Amino acid sequence: NSLPVLEPEYKKQLLQLAGARNVLLSALSERMHQSMLRLGIDPARIHRVANTFNSSFLAQRKRHFFQWGDCLKLINTARFIEWKGQRYLVKGFAKFVREVYPNSVLTLIGAGETLPQVPRLAWAEGVGATGLGVAAG
């Protein structure tokens, strides 16, 4: 998460919360774990949660596989800020639709300062409302 670096108030609140007596934090990746350490969070308060395989997943085997002609549906969930690069995603998606697979839909979910620009860019790239859905999150 880049907010502690970009927003001093967020960093202050996060460190205050991390220092509370009854609070522990979880890190889903080594990168996140290292970021927390660099912020000065006590290593004893950070618990690494590794991705694991749950054997119950075997009972829910996939039965339908993507076939040429099916609608390819992509979903991206992120804050709409320049750093997240939704404009590059839209441009790349538009190229993919034009050159590779036209039966595709991209849905972007989130909120933020660059949100108003994304639908305009989608229309300019030719994917407009038929190939792009934007929902405020």
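Predicted model: local features only at pLDDT ≥ 70, side-chain atom pairs only at ≥ 80, totals over all residues.
So, secondary structure: the protein chain has six helices and five strands, where helices (H or I, at least four residues) and strands (E, at least two) are DSSP runs numbered from the N terminus. Along the sequence the pattern reads α-α-β-α-β-β-α-β-α-α-β.

Numbering runs from 1 along each chain as its sequence is written, and side-chain values use heavy atoms, with hydrogens and water left out.

Okay, packing. Of the 137 residues, 26% count as buried; that's under 20% relative accessible area, with exposed over 50% and partly exposed in between, using a 1.4 Å probe and protein chains only.

The largest nonpolar core has twelve residues, including Phe80, Phe93 and Leu115. By core I mean buried Ala, Val, Leu, Ile, Met, Phe, Trp, Tyr and Cys residues joined through side-chain atoms within 4.5 Å. Helix H4 (86-99), strand E4 (104-109) and helix H5 (117-125) each give two or more residues to this core, and H4 gives the most, four. There's also a second, separate core of seven residues, with Ala18 and Ile41 among them.

Now, which rings pair up edge-to-face? Trp68 and Tyr101. Their centres are 4.3 Å apart and their planes at 80 degrees; rings of Phe, Tyr and Trp (its six-membered ring) pair if centres lie within 6.5 Å, and planes under 30 degrees apart are stacked, over 60 edge-to-face, the rest tilted. Trp68 is exposed, at 68%, but Tyr101 is buried, at 4%. Phe66 joins those two in a cluster linked by ring pairs.
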